[in-house]
Amino acid sequence: VALASVIINMAHTPYFPHYGEVDYASIKLLEQVEGKFMIFSYPDIPTYSRALYAYAPVMLNLSTPQGWYPHVKEKEYIEMLHKTDDDFNNADCDAVKEDLHVLQADEVISYKQGCDTLKHCGFQERAREGIACLYRFKY
C-alpha cells in the first residue's frame with residue numbers, strides 16, 4: 001500500500017515549475033517596491049501571484065494585504081480583498097482607490113490590460129518590465 005501511494009504521488013505530483021519571462025519581470029518589479037503592494041493579474045497571464053506574495057516578504061522584506069493564510073483573517077477582510085479584485089477587473093477607478101486606501105496598499109503590480117487600467121485610473125507609473133508594470137497610488 002505504501003509503495004503504491006508513492007508511485008501514484010510520483011505520477012500525479014508536478015515537478016518544480018519552470019519560471020518564465022513574466023515571473024522574472026514580476027520579481028524585478030518587486031525589487032523596486034517601496035510600500036505595501038498588491039498584484040492584479042488575469043487568468044491568461046502565466047504567473048502565480050501567490051508565489052510572489054510568498055517570495056516578497058521573505059526575500060525582499062515587503063508587506064502586502066494579501067497572503068497565504070486567509071483562514072486566519074476575518075470574513076470581512078477577505079471579502080474586501082475579493083471586492084478590490086472585482087473593482088479592478090471592472091475598471092472602477094474610484095472604488096479601487098478607496099479599496100487600496102482601506103487596505104493601506106500604495107503600490108500595484110499588474111500585466112497587459114491591467115497596466116492600461118492603472119494608467120487610466122491616474123496611478124503613477126514607476127516601472128515596466130515586458131508585459132508587467134508597477135504603479136503607485138497616493139492617498
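Residues are called buried under 20% relative accessible area, exposed over 50% and partly exposed in between, with a 1.4 Å probe and protein chains only. The structure described here is a predicted model, in which local features need pLDDT of at least 70, side-chain atom pairs count only at pLDDT 80 or more, and totals for chains, interfaces and linings use all residues. Residues are numbered from 1 along each chain as its sequence is written, and side-chain values use heavy atoms, with hydrogens and water left out. Helices (H or I, at least four residues) and strands (E, at least two) are DSSP runs, numbered from the N terminus.

The sheet was examined first. It is open and has 4 strands in the order β1-β2-β4-β3, with mixed pairing. Two strands pair if DSSP finds at least two bridges between them. β1 and β3 (124-129) are the edge strands, each pairing on one side only. From one strand to the next, the twist averages 20°. β2 and β4 run antiparallel and are joined by 5 bridges. Within this pairing, Y111 has A132 of β4 as its bridge partner. Helix α3 packs on the sheet and touches β1 and β2. The direction of α3 makes about 165° with that of β1. Axes are lines fitted to C-alpha atoms, for helices over the stretch in contact, and angles run from 0 to 180 degrees between N-to-C directions.

In soluble globular proteins, nonpolar side chains tend to be buried together. A nonpolar core is a set of buried Ala, Val, Leu, Ile, Met, Phe, Trp, Tyr and Cys residues joined through side-chain atoms within 4.5 Å. The largest one here has 37 residues. Those with the most contacts inside it are L30, F37, M38, L100, I109, Y111 and F123. At least two residues each come from α2 (21-30), β1 (37-40), α3 (49-60), α4, α5, β2, α6 and β4 (132-136). Contact means heavy atoms within 4.5 Å. Leaving aside neighbours within four places in sequence, L100 is in contact with M38, F40, T84, A105, V108, F123, F137 and Y139.

Y111 lies in strand β2. Its relative accessibility is 0%, so Y111 counts as buried. Beyond residues up to four places away in sequence, Y111 touches V22, S26, I39, F40, S41, Y42, I45, T47, L52, I131 and A132. The side chains of Y111 and S26 are joined by a polar contact of 2.7 Å. Such a contact is a pair of N or O atoms within 3.5 Å; within protein, one must be able to donate a hydrogen and the other to accept it, and residues adjacent in sequence count only if both atoms are side-chain atoms. Y111 and R128 are 17 residues apart along the chain, and their C-alpha atoms are separated by 9.5 Å.

A search of the whole structure finds 3 aromatic pairs. Rings of Phe, Tyr and Trp (its six-membered ring) pair if their centres lie within 6.5 Å; planes under 30 degrees apart count as stacked, over 60 as edge-to-face and the rest as tilted. F37 and Y53 form a stacked pair, at 5.7 Å centre to centre and 25° between the planes. F37 belongs to strand β1 and Y53 to helix α3, so the pair ties together parts that are 16 residues apart in sequence. Both residues, F37 and Y53, are buried. The rings of F40 and F88 are also stacked, because their centres are 4.1 Å apart and their planes are at 10°. This pair links strand β1, where F40 lies, to helix α4, where F88 lies, and so ties together parts 48 residues apart in sequence. F40 is buried, with a relative accessible area of 2%. F88 is buried, with a relative accessible area of 2%.

T64 sits in the loop between α3 and α4. T64 is buried, at a relative accessible area of 15%. Residues up to four places away in sequence aside, T64 touches K36, F37, M38 and Y53. The T64 side chain reaches the backbone oxygen of F37 at 2.6 Å. A polar atom of that T64 side chain lies 3.2 Å from the backbone nitrogen of Q66.

Backbone angles were considered last. Most residues other than glycine have a negative phi. A91, in the loop between α4 (75-89) and α5 (93-103), has a positive phi near 55°. A91 counts as partly exposed, at 37% relative accessibility. K112 is not a glycine, yet its phi is positive, at about 45°. K112 is found in the loop between β2 (107-111) and α6 (113-120). At 40% relative accessibility, K112 counts as partly exposed.
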